[in-house]
Every structure is written in C-alpha cells, then in structure tokens.
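Hi,

Here is the structure I promised to pass on. Have a look at it first, and then read my notes below.

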Amino acid sequence: MESALPFVAAKAVPGIDPAAYHDPEIFRAEEERVFRHAWIFAGFTDELARPNDYLTRRVGGLDVLVQNFDGELRGFRNVCTHRFAMIHRAPRGNGMLRCGYHGWTFDRDGVPYGIPGNEANFGLDREGRCGRALTPVAVGVCGRFVFLRVAAEGPDLGDWLGVYADVLRHASEIFVRPFDERSMEWAANWKMGVESVLEVYHADLTHPTTFRKLVKGDWRCDYDGAHSRGVTGVSDKSARWWDGVSERLGFRPSPILRDYDHLHIFPNLEIGFTRGAVMSVQTYDPLGPDRCALNLRLFLADPDGDSGKGGPAARRLIEEGARDLNVALLREDQEASELAFRGCRQTGRPALLGQNEERIQQFHAVWRGMMEV
Ligand code: FES
Ligand SMILES: [Fe+2]
C-alpha cells in the first residue's frame, strides 16, 4: 500500500468556535457545505447485491436513496416528482422504485415510466416524463463500501479517499459480513462523537478497563486529503488472545493491519481494526445540532462464517465478547461526549488541542476549509 502524507502537528492550538457544535444556523450551513459536498458512506455492496435492492439515507438534511438496477447502482433524491412523497420509506429493502402515494414508478434514469392514469389526467409524453425525472445523487464504490454525494460536481471517490482507498479495498477482502449492527442515539453534536475516536489521550481515564487494556497507548498518525489514520500497538496480552482465536477458529486476519489501526474518512465514517481480526465500522450521523446517531457494525475476519473451523458456538462466544466490549467502550465515549456537549453550550472559549490531539486539529482544519470560516 502507498503510504500517506506526514503531518506536522502544532502544539496547543485552539479548536473551532464552541458555537459550531450547537448553533442551528451553523448546523444548517454544515449540512449544505460539508454533508452535501462530501462523499458520505451509505452501506455495503452486499446490501445492494440483487436487482431492486435499495438503501435510503438522510444526507445533509435531504432524503436520498441508492438502488440496484440490473446490477448497476444508481442514486437519487428520495422525493417523488409528482407531489413530494418519500418514495422508499424503509432504511433498506427490495422493490421497484415506485412511490407509495399514487404509484408513479421510476426507471434507472429516474424517469417516471409508469404513471397511473397518465393519458386521461396528465398526458405526459416522453419529453414530459423526462421533465419529471428524479434528481440524481452520485454513487461511488470502493471495495464493499458504498458512498453517496449529493452535489453534482466534485472529486471522484478514488481521489477523495486518496491512499486510504487501498485500506478500504483490503478490508473488503478480509471482512465480509457484519455479525452485529446497532444504532445508538447520543445527546451530542456529531462532531463530538467523531472527536472522541480521533485520539487515545482519553483512554486512561475514560476507558480504564476497556479500550485501555487493549492497546499500548503509543500513537502514530498520518493524513491524506480530508482524512486521517491513527495507529497504536495492541497490548501483548490482547495480541496473543486474538492470534489464538484466529488460529483456533480459522480466521484469516489481515497480515497488514496488525495493530489497532483507526481510519477517519471525513466527515463521519470511523473504522477501527484490532489485530487484523476485528473491524468496527461507525458513522456519527447528525440528527440535529444537539443529537446524533451512532451507527455501528462489527465484523470478524472469518470469511467462512458459521461453517468455519471451531463451529458456530465458539464463534458466537467471540462475537459476544467483541460486541460487549465495543458497546461498553462506546457507552463510555457517549457519556464523555454528552457532557462535553453540555459544556460547549456554556462557553465562548474554544477548546485547546494538544499535539496528541493532532487528528482533531486536522479535522477542524478540514471542517473550517469546507465551511469557509
Ligand atoms: S406523490 Fe408520488 S406518486 Fe404521487
Ligand atoms: Fe473512546
């Protein structure tokens, strides 16, 4: 894999204005300038494998969808061009792109080809129907990772991801299906959630019995474009344990991601790898200035699943352990983030970011750049 760029961290720089975490005006500007212009992770190709499989998401305050049309993924705004109804309502499913209100049905170009009572009531010819096409949304795929971009113009996904595209492609070969998927609502701005995973400074006090036991605590960072990576060694005990599990259960762990490797794909996709055997995929999705949803998926490096060595019972035990640990440490992060969010509304003084918080320094620099502040 290509190596990412070095980054020289500054000592003790101020963070973004505290209002950036809670001000409704800034939140609306952020939806427009950040979320509608960045590539936003939407799901995995496995969820869109069959014709008519679809996913719906809310990106930058807009409802969007991605759907498989005979093997090709197409994205659209999820708003019917007849009278504004939401076309697909479930977060995921399988079905024609047909609006449930009056039944207009759309093709792969977003053009309504089926309009009940068209001749008698609308009289739309081909040109008229094209004039009622859905607004497209860009779709990009890297390995199994599917991204959407609302803005019509922008870099293609490969350029956007830079050197980290290789990591996503590599991870897509190792980690095939999630064994756990959950959503938790946090009473905090989404950036508080992201910032909680961009440093290990908080590990000693916030995660003394969870994350701290897992890692050595050294911290190496690199950067490319809007994104960053942080790496810390897995503790000897944890490394031995995961290597033993991988051996006994016939996992095929990554030969490259041997530490605790953490990737931040701007703005809100966070991917953590433990000893190449576990992958945690998180998004911190904004629900409002003061709320976000942490969506979590956990994977093991077991391409054979239940039919693998060791059998389903042993695998289940490992899954439960990994899930419980992740949920416990995310609760710890949630508590810390919610309290920090409460605090940021009581002050006009920005945070102070140390050298060991360099990835937050870079996150803020990218955010400021996109927000033009
Ligand atoms: S609003 Fe969609 S068919 Fe009428
Ligand atoms: Fe944490």
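This is a predicted model: local features need pLDDT of at least 70, side-chain atom pairs count only at pLDDT 80 or more; totals for chains, interfaces and linings use all residues.

Two elements each give two or more residues to the side of domain 1 that touches domain 2, namely β2 (40-44) and β10 (145-149). The top contributor to that side is β2, with 5 residues. Sorted by class, the side of domain 1 facing domain 2 has 9 nonpolar, 2 polar and 5 charged residues.

Some background on the domains themselves: the domain assignment gives domain 1 as 35-157 and domain 2 as 176-371. Their C-alpha centres lie 31 Å apart. On the domain 1 side, 16 residues are in contact, and they meet 16 residues of domain 2. The area buried between the two domains is about 1,100 Å², and carbon and sulfur atoms give 72% of it. Three phenylalanines stand out here: Phe35, Phe41 and Phe44 supply 45% of what domain 1 buries against domain 2, more than any other three residues.

Charged pairs also cross between the domains, with a count of 2 salt bridges. Take a look at arginine 92, which forms a salt bridge with glutamate 181; their closest N and O atoms are 2.6 Å apart.

Across the whole structure, a search finds 14 aromatic pairs. One to look up is phenylalanine 35 with tryptophan 190: the ring centres are 4.9 Å apart and the planes sit at 80 degrees, so the pair is edge-to-face. Phenylalanine 35 is in helix α1 (residues 24-35) and tryptophan 190 is in helix α6 (residues 190-196), so to speak a link between distant parts of the chain, 155 residues apart.

What else links helix α6 and helix α1? Lysine 191 in helix α6 pairs with glutamate 30 in helix α1, and these two are 161 residues apart in the chain. The pair is a salt bridge, with the closest N and O atoms 2.7 Å from each other. The search of the whole structure finds 28 salt bridges.

**Two spots in the backbone**

Which peptide bond is worth checking for a cis geometry? Go to the one from phenylalanine 266 to proline 267, which is cis with omega near 5 degrees. You'll find proline 267 in the loop between β14 (260-265) and β15 (269-274).

The next loop to visit is the one between β15 and β16 (278-288), where arginine 275 is found. Phi of arginine 275 is near 50 degrees, a positive value in a residue other than glycine.

That's what I have for now. Happy browsing!

Methods:
Residues are numbered from 1 along each chain as its sequence is written. Chains are lettered from A and ligands numbered from 1 in the order in which they are written. Side-chain values use heavy atoms; hydrogens and water are left out. Domain bounds come from an automatic or database domain assignment. Contact means heavy atoms within 4.5 Å. Buried area is the accessible area (1.4 Å probe) that two parts lose on being put together, summed over both. A salt bridge is a side-chain nitrogen of Lys or Arg within 4 Å of a carboxyl oxygen of Asp or Glu. Helices (H or I, at least four residues) and strands (E, at least two) are DSSP runs, numbered from the N terminus. Ala, Val, Leu, Ile, Met, Phe, Trp, Tyr, Cys and Pro count as nonpolar, Asp, Glu, Lys and Arg as charged, and the others, Gly among them, as polar. Rings of Phe, Tyr and Trp (its six-membered ring) pair if their centres lie within 6.5 Å; planes under 30 degrees apart count as stacked, over 60 as edge-to-face and the rest as tilted.
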